[in-house]
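Please examine the sequence and the model shown here.

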Amino acid sequence: MTDKSVSSYHQIVEALKEKIRFRRMNAVLTANIQMLALYWEIGNTIKEQESSKGWGAKVVEQLARDLRAEFPDFKGLSARNLRYMRDFSIAWPELSMLQQPVATNVHSSILQQPVAKLPWGHNCLILDKLKLREERLFYAEKTLENNWSRNVLAHQIELKLFQRKGMLLNNFSHTLPAAHSDLAMELFKDPYKFDFFQLSEDAHERDLENALVAHMSHFLLEMGKGFAYVGRQVYFEQGGKDYYIDLLLYHLKLHCFVVLELKVGDFKPEYTGKMSFYLSMIDDKLKTDEDKPSIGLILCKNKNNVTVEYALRSIHKPIGVADYEVNFTKAIPENLKADLPTIEALELELKKEVEINQRPIDGKIENLKAIVADLGKAEMQEVKEDRLLFELFSVTIISIIDRLNLILRDIFPMFQESWICPMINGEEERHNAARNFQHYLKQPLGISSVGIFASFQGFKLGGINTFSAEYRLLIDLDKFKYSIGPVNPRKEIWMEKLYGESWTDTELDTLSERWAEWIIDGIKEDVANTK
């Protein structure tokens, strides 16, 4: 650089130093806005100097060194981050009003910009991965709406959520009111990406259903915000015949049931007729006056768009058809299975290898690490909050109910009426459980307990009810943990868990089987006492 340009450069550096000092003094006020304002100013200065003075990469690197030398404890002044600041100012020129010196002077119109509310790491990711302004705005808005972490945001970008939104083939426009139709179009997508598990190429519908339920949190994340799990293989009797719905969801914003039918093959026109029949049953048997019309979603491995359009044309129930993508794996030929090592054998060999190469001191270090890690886990207790309660209610409890229905499926026909359903604050919730749960969350006293309610009424003896029994599995909610046990007539404690602890399939199976045994023993005792 010439002497004149060096002098100009030093003036710019000093000016930026002053801005950094000022912004850091005001960091306690709207910290993220202040930081983004500072980053925008630095980036805009670099952009202008690159345009007017021909600053290059070496000048930016020198600028980073000078700023870090002045502010050694201020993270984020690397050359790479300075380039992100430049790109940030170029991408969002309307954020120039963030340069106002005091946060209270930043107008609400600027604060409404979604990128002004995102952490810097999220903004860098959006700048890195996306080039179109429309896409950047979309993912920024969805991040705020769903409270995505940076990893989840990256995953949604990789899954091309923007390209899939609103692509569902459907008949919503002539089966739903305009406002409801537009919202439904926004919430559904095509294709759905179930890449969090693998299926063999010869898998059946039930295999796909089992995999989705086993990975419920990932499944609901892919479905989108507002979807709550109601049940699987939901049973209905109609005209003397039994019918089972693959998966039943409820959408808290649409205020309606969503029926999912899973197909591992290509779409067939007759699927829409069957779905229309299921929607009529749901609207007749489950829908209340407060609910909107139920919506059907048919998920197929493949579909022909023209065939779908013709199939939906004369259907009067709201139905959408989408593809889904799964990691399919080819089955291992039987003649090769015997030659492949088992998982247990591989683990044993790996353990031997570790033990051979490990010094005694290494073993002690690893043991200490494990002890410290366990202490850390014990301190990382999550407090009871709506998000954790909703996951407990909509995933864990429903998973236990599914297992109980499977275990007791041969018991139900013995009674004139029987059911198993969720319970909130001691009251059974046979219908619209997900919506009612949200209602309880808004109450001043909130939710003190959730659980499962089982009822068995009347042996089929000459058409006379001779038996009635109710069983409750209660989950008492404390601040940091919850306890689980039966109530009849007193409360026992079978298990205690922290809110942040996940449930394993083994724990769910064990608890379900123990409660099923308790129910069966109770029925036997009550029957013996029934005269």
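**Helix packing and backbone geometry**

Q: How are α3 and α4 oriented to each other: parallel, antiparallel, perpendicular or oblique?
A: In this predicted model, helix α3 (residues 57–70) and helix α4 (residues 79–91) pack with their axes 8 Å apart. Axes are lines fitted to C-alpha atoms over the stretch in contact, with angles from 0 to 180 degrees between N-to-C directions; helices are DSSP runs (H or I, at least four residues). The angle is about 110°, and 65 to 115 degrees counts as roughly perpendicular. α3 and α4 are therefore roughly perpendicular.

Q: Is His255 buried, partly exposed or exposed?
A: His255 is in the loop between β4 (241–251) and β5 (256–262), and its phi is near 55°, a positive value in a residue other than glycine. Buried means under 20% relative accessible area and exposed over 50%, with partly exposed in between (1.4 Å probe, protein chains only). At 33% relative accessibility, His255 is therefore partly exposed.

Q: What percentage of the residues of the protein count as buried?
A: Residues are numbered from 1 along each chain, and totals for chains use all residues, whereas local features need pLDDT of at least 70 and side-chain atom pairs pLDDT 80 or more. Side-chain values use heavy atoms, without hydrogens and water. Of the 531 residues, the buried share is 44%.

Technical notes:
Helices (H or I, at least four residues) and strands (E, at least two) are DSSP runs, numbered from the N terminus. Angles under 35 degrees count as roughly parallel, over 145 as roughly antiparallel, 65 to 115 as roughly perpendicular and the rest as oblique.
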